[in-house]
Amino acid sequence: MEALLTAAFLTALISGAVTAGVPLLLAGLGEQMSEKAGVLNVGIEGMMLAGAFAGFFVAYSTESIALGFIAGALGGFGVALLMALLCVRLGLNQIVIGIGLTLGFEGITALLHYNLFGRTYPRLPAVETLRLPGLADIPVIGPALFDRPVIVYLAVVLVLAASFAYRRTNLGLYLQAAGDKPAALDVTGIDVTRIRTAAVLTAGTLAGLGGAFLAQVGAGLFVPFMTNGAGFIAIVLAMLARGRPVWVLLGAAIFGACLSLTTALQVAGVNVPTDVIQMIPFAAVMAVLVIFGRNAHLPAALGIPYVRGAR
Amino acid sequence: MTDDMQAVSSPQLAKPRFALDAWTSLAVVTLGPILAAFILCALALIVAGYDPIAYYLYVVERGVFSGQGLQQTLTRMAPLLLHAASLIIAFRAGIWNLGGDGQFLLGAVMAAALAPALITVMPDWITLIVCMLVAMLVGAAWTLIPALLRAYQGVNEIITTLMMTFLGTSFANVLVKLIFLDPGTTVPQTRTLPVGDRLPWLYGTTISSGLLIGLAAVIAVHVIMTRTAFGLRLRVVGANAKAALHAGLAVPLLTVVVFALSGALAGLGGAVDILGVFGNVRADWNPAYALAVVPLVFLARFNGYAAIAFVFFYAVLEIGGESAARRIGVPQHFTLILVATMFILLALAEWLDQRRRAKGKG
């Protein structure tokens with residue numbers, strides 16, 4: 001075990017945690033915004049997959065990672081557009097539509113991949129990193145945290161931006177009102193449908209980016225069903241964070257670290273079944289809930305379509 | 001008990017339908033969107049370069065009209081029906097048990113671990129019954145933490161059941177890989193229950209008698225929820241937990257009971273699938289039925305009989321799609337797209353129907 005605690009190993013571990021955590025962070029932030037506005041977005045897994053495939057395909061065809069990320073965001077946005085139309089505009093059941101979209105885009109992306117690439121899984125070129133001068137020279141954590149693709153920094157900035165928006169801006173207030181007491185928001189002259197639509201579309205865009213990150217930075221290729229439940233972990237993270245973006249960051253870091261540990265130990269040849277390590281974050285969160293279990297606050301109108309004038 | 005019982009929209013109690021146009025309405029609201037989904041997906045197949053008519057004919061022929069295919073379809077229905085029963089009881093009581101897959105897998109693993117061992121010392125039928133009971137207990141036990149947290153702390157059960165399902169999936173793998181490993185095989189899997197010792201087939205067919213268990217469970221749940229005082233209590237809790245508390249119902253206790261019943265049915269589903277069909281659990285096996293059954297149950301409006309029809313239809317598409325993937329070369333994933341399109345169009349049609357009625361009344 002001593003050999004495991006070398007600087008190189010720790011760097012790889014932290015680096016892996018960032019790589020595994022960023023998709024969860026992006027999708028979790030999106031889900032959080034959507035839930036804040038009162039829309040339980042179960043389609044987030046489908047949005048991530050759409051982003052992952054779109055990002056991979058564009059990056060593969062144009063050999064541009066940046067275009068890949070734009071395509072990924074658009075892919076997630078496209079799925080979210082469907083979700084917003086069906087669940088916010090028309091007020092259809094969010095769980096049925098969410099699961100429908102997830103299943104549908106699992107199928108569509110798998111089918112597109114099969115039609116375009118058959119059984120081959122072409123690799124993307126390595127993603128360029130942005131080296132933050134000074135910080136990147138810190139031993140162990142420097143290369144793991146400060147020599148990463150630009151989008152990693154953007155994701156962290158996004159956490160701060162979201163925190164600021166939720167606490168200090170009218171938009172944050174509108175979002176919260178749309179989820180807690182939509183009728184009150186309506187009375188003040190703000191269109192609930194518009195606020196919720198904006199939240200769902202933002203969630204889709206972020207989930208799409210997360211998916212694109214998974215494909216382009218995480219794996220460097222696209223495999224059908226590659227999100228493998230990440231969207232559902234994002235839902236859990238968003239709910240546990242109770243509306244605070246920093247908690248999503250913390251949660252994503254913990255889950256990312258455990259996922260990274262799984263791979264790292266396998267590489268190091270330690271004979272612990274990966275399943276045991278994968279259980280750790282969930283077991284830890286359950287333990288916290290059991291010990292400190294109190295009312296996990298959710299928006300009062302979460303999941304309830306808003307119909308103007310209805311009682 | 002806090003008011004986040006309403007945090008996610010409460011399942012609606014079935015609305016009375018107009019008797020006269022019930023059948024026309026059923027045809028329009030159910031068959032219309034299904035047909036539309038077939039047509040939409042046919043267009044997608046044409047674009048992808050397949051012959052949609054050949055594909056659909058093959059799916060229907062394999063799923064319904066070929067003897068062997070129909071038997072597979074009916075066998076596949078068993079675990080799906082038990083999931084449906086598990087979800088109907090929970091959803092009607094206003095509890096969002098989204099952890100069915102974890103409960104199912106652990107039930108399956110326990111049944112798979114016990115059956116080959118017990119069969120050597122006990123008669124067949126006792127073994128099968130013991131295994132099913134144990135699987136039900138395990139499924140129920142796996143809901144205990146979410147149930148207690150929900151009942152006494154008001155912790156939202158969507159989070160906790162989802163987490164328990166992730167935990168359960170991994171834990172099932174740990175059990176298969178470390179504890180119940182069959183030393184005789186190189187692939188990590190549990191010991192296999194011989195075909196002759198499994199749940200009996202129905203009268204000269206290869207349909208697992210799990211089908212009967214599934215049907216009985218769904219019908220029993222439907223009757224309990226709609227025709228008994230116990231069911232009424234649960235529905236009151238589901239419709240308005242505060243009102244239920246005021247009416248003197250033991251809401252926390254009822255919550256725990258609902259969770260336990262729901263988990264037990266999901267666990268039984270796992271046992272039935274193992275004892276009837278697979279005979280063992282392989283590492284990383286997870287059919288994830290629950291995710292597909294959730295929308296089916298919603299579209300059936302928590303009605304057991306409607307759920308049976310939807311489950312049959314879904315099973316046909318799955319079995320037919322699996323065969324078509326081998327024969328016609330349309331990948332299995334196409335079934336997912338077809339089913340998703342159907343979910344969305346069915347929900348849309350229901351919305352249109354409700355709007356039409358609302359206008360008719362106004």
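This is a predicted model: local features need pLDDT of at least 70, side-chain atom pairs count only at pLDDT 80 or more; totals for chains, interfaces and linings use all residues.
User: Why are α9(B) and α11(B) called roughly perpendicular to each other?

Analyst: The axes of helix α9 (residues 229-239) of chain B and helix α11 (residues 251-278) of chain B cross at roughly 105°. Angles of 65 to 115 degrees count as roughly perpendicular, and α9(B) and α11(B) are therefore given that description. Their axes come within 11 Å.

User: Which residues make that contact, and how do they divide by class?

Analyst: On α9(B) they are B:Arg233, B:Leu234 and B:Val237, and on α11(B) they are B:Val251, B:Leu254 and B:Val258. Five of the residues in this contact are nonpolar, none is polar and one is charged.

User: How do you know that the length of α11(B) agrees with its number of residues?

Analyst: The helix has 28 residues, which at 1.5 Å a residue should span 40 Å. The C-alpha atoms at its ends are 39 Å apart, so the two values agree.

User: What makes α11(B) largely enclosed by the rest of the structure?

Analyst: A residue is buried if 20 or more other C-beta atoms lie within 10 Å of its own. Of the 28 residues of α11(B), 21 are buried, so the helix is described as largely enclosed. Just after α11(B) comes B:Gly279, with a positive phi of about 85°.

User: Why does B:Arg301 count as partly exposed?

Analyst: B:Arg301 has 16 C-beta neighbours inside 10 Å, so it falls in the partly exposed class. Its place is the loop between α12 and α13 (304-327) of chain B. Phi of B:Arg301 is near 50°, a positive value in a residue other than glycine.

User: What makes B:Thr73 buried?

Analyst: The cut-off is 20 or more, and B:Thr73 has 24 C-beta neighbours inside 10 Å, so it counts as buried. B:Thr73 lies in helix α3 (residues 67-92) of chain B. Beyond its neighbours within four places in sequence, B:Thr73 is in contact with B:Gly63, B:Val64, B:Ala315, B:Val316 and B:Ile319.

User: How do you know that α12(A) has close to its expected span, and where does it bend?

Analyst: Helix α12 (residues 274-292) of chain A has 19 residues and reaches 28 Å from its first C-alpha to its last, close to the 27 Å expected. The bend, about 30°, is at A:Ile280, and the proline A:Pro281 follows within four residues. Buried residues of α12(A) include A:Ile277, A:Met279, A:Pro281 and A:Phe282. The buried residues of this helix pack against α10 (230-240) and α11 (245-268) of chain A together with α6 and α7 of chain B.

User: How many residues does each chain bring to the contact between chains A and B, and which helix of chain B gives the most?

Analyst: Chain B brings 44 residues and chain A brings 46. On the side of chain B, α6 (144-153), α7 (157-179), α12 (289-299) and α14 (333-361) each supply at least two residues. α7(B) gives the most, with 13 residues. By class, the side of chain B that touches chain A has 32 nonpolar, ten polar and two charged residues.

How values were computed:
Residues are numbered from 1 along each chain as its sequence is written. Chains are lettered from A and ligands numbered from 1 in the order in which they are written. Axes are lines fitted to C-alpha atoms, for helices over the stretch in contact, and angles run from 0 to 180 degrees between N-to-C directions. Angles under 35 degrees count as roughly parallel, over 145 as roughly antiparallel, 65 to 115 as roughly perpendicular and the rest as oblique. Two residues are in contact if their C-beta atoms, placed from the backbone, lie within 7 Å. Ala, Val, Leu, Ile, Met, Phe, Trp, Tyr, Cys and Pro count as nonpolar, Asp, Glu, Lys and Arg as charged, and the others, Gly among them, as polar. The expected span of a helix is 1.5 Å times one less than its number of residues. The bend at a residue is the angle between axes fitted to the seven residues ending there and the seven starting there. A residue is buried if 20 or more other C-beta atoms lie within 10 Å of its own, exposed if 12 or fewer, and partly exposed in between; C-beta atoms are placed from the backbone.
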